[in-house]
Amino acid sequence: MIIRSSKQSYALRRTIRRTWARKDHRVAHRFVLRSGNISSKSHPIKVDRLVGWLKRLQHRGTVDTNARYVLFVNESVFVNTPFLLAAIERVLPKDGFILCTPVASVPGQNVTCDSSHPILVSMDIVRGTARQHVVHDGRRLYLNRRETEALVRHQLDDELGLTYFFTDSLYRLSVKRSLPLLIDQLWLSCGGNDTPVEY
């Protein structure tokens, strides 16, 4: 996991490490620190540009070379790690795979992903060994703002049965709680605890 984070967000990074990015033999994470706030506004990024950036990170040793996937995510998004790992183990293609929120593009041109939303890429694409790749529209696996607010406010009947990989940016919520508290609450609502996910 490559997690973009503001330099001043120490408490938030500590909470992320303790919850959805915690140590697990299947998960490694790196924070890429930036000055200022991490924006939740839409920033289109061409898939080719993203892959180039990930290759540079791999060359510098930021990306684990044994990884099968790389997740590119902002600190303000909650990742439902138990569900994501189960999908990776059982369902997701291992090669030529990109999951993102596509931005409307011109037919015949490269797909552009919204970099304010998480982007999941198979490692063969990062290494440049993929023969071809398919960009999958991940919008149905991302909770929108309304759904994220309902989850935070416990307004859903079956929180544990909810199927999602990622929430909307927690900066966008009208709930007035700190991001570390929201992340703790979401971690508990997705069944996160000290018990590893069984396969």
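Reader: Where is confidence lowest in the chain, and where is it highest?

Author: This is a predicted model, and its confidence score is pLDDT, which runs from 0 to 100. The chain averages 79, and 76% of the residues score at least 70. Confidence is lowest in strand S3 (residues 44–46), with a mean of 57, and highest in H1, at 93. Over residues 194–199 the score stays under 50, and the model has 10 contacts beyond four places in sequence for that stretch.

Reader: How many helices and strands are there in the chain?

Author: The chain has six helices and nine strands. Of its 199 residues, 49% count as buried. Take the contacts between residues at least 6 apart in sequence: 76% of these join residues at least 24 apart.

Reader: At what angle do helices H1 and H6 pack?

Author: Start with the angle between the axes, then look at the residues in contact. H1 (residues 10–18) and H6 (residues 179–189) pack at about 10 degrees, and their axes lie 9 Å apart. That angle makes H1 roughly parallel to H6, because angles under 35 degrees are classed that way. On the H1 side, the contact is made by Ala11, Leu12, Thr15, Ile16 and Arg18; on the H6 side, by Leu179, Pro180, Ile183 and Asp184. Sorted by class, this contact has six nonpolar, one polar and two charged residues.

Reader: Which residues of H6 are buried?

Author: A residue is called buried when its relative accessible area is under 20%. In H6 the buried residues are Leu179, Pro180, Leu182, Ile183, Gln185, Leu186, Trp187 and Ser189. With eight of its 11 residues buried, H6 is largely enclosed by the rest of the structure. Its cover includes H1, H3 and H5.

Reader: What do the buried residues of H3 pack against?

Author: They pack against strand S4 (69–74), strand S8 (119–122) and H6. The buried residues of H3 are Thr81, Pro82, Leu84, Leu85, Ala86, Ala87 and Ile88. H3 (residues 81–90) has seven of its 10 residues buried, so this helix is also largely enclosed by the rest of the structure.

Reader: Which residues have the most contacts inside the largest nonpolar core?

Author: In soluble globular proteins, nonpolar side chains tend to be buried together. Here the largest nonpolar core has 39 residues, and Trp20 and Phe166 have the most contacts inside it. At least two residues of this core come from each of H1, S4, H3, strand S5 (97–100), helix H5 (145–152) and H6. H6 gives the largest share, five residues. Leaving aside residues up to four places away in sequence, Trp20 touches Met1, Ile3, Val73, Val77, Phe78, Val79, Thr81, Ile183 and Trp187. There is also a second, separate core of 12 residues, with Ile2, Val70, Phe72 and Ile125 among them.

Reader: Is threonine 167 buried or exposed?

Author: Threonine 167 is buried, at a relative accessible area of 2%. This residue is in the loop between H5 and H6. Beyond four places in sequence, Thr167 touches Val77, Phe78, Leu143, Thr148 and Leu186.

Reader: And threonine 129, is that buried or exposed?

Author: Threonine 129 counts as exposed, at 53% relative accessibility. It sits in the loop between helix H4 (123–127) and strand S9 (134–137).

Reader: What is the phi of histidine 154?

Author: Most residues other than glycine have a negative phi. Histidine 154 has a positive one, near 55 degrees. This residue is in the loop between H5 and H6 and counts as partly exposed, at 48% relative accessibility. Glycine 191, which follows H6, also has a positive phi, near 85 degrees.

Reader: Where is cysteine 190 placed?

Author: Cysteine 190 is in the segment after H6 and counts as buried, at 12% relative accessibility.

How values were computed. Residues are numbered from 1 along each chain as its sequence is written. This is a predicted model: local features need pLDDT of at least 70, side-chain atom pairs count only at pLDDT 80 or more; totals for chains, interfaces and linings use all residues. Side-chain values use heavy atoms; hydrogens and water are left out. Axes are lines fitted to C-alpha atoms, for helices over the stretch in contact, and angles run from 0 to 180 degrees between N-to-C directions. Helices (H or I, at least four residues) and strands (E, at least two) are DSSP runs, numbered from the N terminus. Angles under 35 degrees count as roughly parallel, over 145 as roughly antiparallel, 65 to 115 as roughly perpendicular and the rest as oblique. Contact means heavy atoms within 4.5 Å. Ala, Val, Leu, Ile, Met, Phe, Trp, Tyr, Cys and Pro count as nonpolar, Asp, Glu, Lys and Arg as charged, and the others, Gly among them, as polar. Buried means under 20% relative accessible area, exposed over 50%, partly exposed in between (1.4 Å probe, protein chains only). A nonpolar core is a set of buried Ala, Val, Leu, Ile, Met, Phe, Trp, Tyr and Cys residues joined through side-chain atoms within 4.5 Å. pLDDT is the predictor's confidence in each residue, from 0 to 100.
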